[in-house]
Amino acid sequence: KHQYHFDDRQGWKWLEEAEEYYRNALELFQELWKETGDPEALQSFAVCYERVGEIVRDHVDIFDEHWELYKVKYYYRQALYLYGQLCQKTQAIPARRDLARCYRSLGGICRKDGSLAEAEEYYIRGLRLAKYIYQLTQEPEDQGLAAGLQEDLDKNAKELAAGDENGNLIE
C-alpha cells in the first residue's frame with residue numbers, strides 16, 4: 001500500500017471539497033424534505049448522507065486515518081435511518097435495495113474498525129432484505145447483492161471466530 005506524504009494531500013484536496021459540497025447539499029435536502037414531505041426528497045437526502053460517508057471512507061482508505069471511521073459510521077447510520085423511513089413510506093424495491101446496500105456498507109466499516117459483532121448484525125439484516133428483494137424481482141443485480149452480503153457475512157464470521165467475546169480481533 002502506498003504511503004502518502006503530507007505534500008500528497010494537495011492532490012487529494014478534491015475529497016475535502018466534495019465532502020463540503022455534500023454537507024451543504026444535506027442541509028438543502030433536509031429543508032426540501034421538511035417542506036414537501038416528498039419521498040424523492042427523502043431519497044435524495046438519504047443518498048446524500050451515503051455519498052458523504054463514501055467520501056470520508058475514501059479519505060480514510062487513502063490516508064490510512066482509521067480514527068475517522070466514526071464519521072463514516074455516522075453518515076452511513078443517518079443514511080440507513082432515512083432509507084428505513086423511505087421504505088416505510090413507499091414500499092418500493094429501489095428504496096429497499098438502497099437500504100440493503102447501506103447495511104452492507106455499514107457492515108464493512110464496522111468490520112474495518114474491528115467491531116465484528118456489530119458488522120455481523122448489519123450483514124444479516126442486509127442479507128435478509130436482499131434475499132427478500134431477489135425473491136420478488138429475480139433480477140441478477142439483486143442476486144448479486146445477496147451473494148455479496150453472504151460472502152461478507154462469511155468472511156466476518158471467520159474473523160469473529162478468531163476474536164474475543166465482543167467480536168474484536170485478538171492480535
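Which residues have the most contacts inside the largest nonpolar core? Hi everyone, let's find out together. Keep in mind that we're looking at a predicted model.

The largest nonpolar core has 41 residues, and the ones with the most contacts inside it are Leu-26, Tyr-49, Val-72, Leu-80 and Leu-99. Two or more residues come from each of these elements: helix H1 (13-36), H2, H3, helix H4 (93-112), helix H5 (116-137) and helix H6 (140-161). H3 gives the largest share, ten residues. As a bit of background, nonpolar side chains in soluble globular proteins tend to be buried together.

Let's zoom in on Leu-26. Leaving aside neighbours within four places in sequence, Leu-26 is in contact with Phe-45, Cys-48, Tyr-49, Val-52 and Tyr-75. There is also a second, separate core of five residues, and Leu-15, Ala-18, Ile-62 and Phe-63 are among them.

Now, please look at H2 and H3. The axes of helix H2 (residues 39-63) and helix H3 (residues 69-90) come within 8 Å and cross at roughly 160°. Because of that angle, H2 is roughly antiparallel to H3. The crossing of H2 past H3 is left-handed. And who takes part in this contact? We find 18 nonpolar residues, five polar and five charged.

Last stop: the loop between H2 and H3, where Glu-68 lies. Is Glu-68 buried or exposed? Its relative accessibility is 9%, so Glu-68 counts as buried, since the cut-off for buried is under 20%. Not counting residues up to four places away in sequence, Glu-68 touches Val-56 and Val-60.

Terms used:
Residues are numbered from 1 along each chain as its sequence is written. This is a predicted model: local features need pLDDT of at least 70, side-chain atom pairs count only at pLDDT 80 or more; totals for chains, interfaces and linings use all residues. Side-chain values use heavy atoms; hydrogens and water are left out. Axes are lines fitted to C-alpha atoms, for helices over the stretch in contact, and angles run from 0 to 180 degrees between N-to-C directions. Helices (H or I, at least four residues) and strands (E, at least two) are DSSP runs, numbered from the N terminus. Angles under 35 degrees count as roughly parallel, over 145 as roughly antiparallel, 65 to 115 as roughly perpendicular and the rest as oblique. A crossing is left-handed if the near helix is turned anticlockwise from the far one by less than a right angle, and right-handed if clockwise. Ala, Val, Leu, Ile, Met, Phe, Trp, Tyr, Cys and Pro count as nonpolar, Asp, Glu, Lys and Arg as charged, and the others, Gly among them, as polar. Buried means under 20% relative accessible area, exposed over 50%, partly exposed in between (1.4 Å probe, protein chains only). Contact means heavy atoms within 4.5 Å. A nonpolar core is a set of buried Ala, Val, Leu, Ile, Met, Phe, Trp, Tyr and Cys residues joined through side-chain atoms within 4.5 Å.
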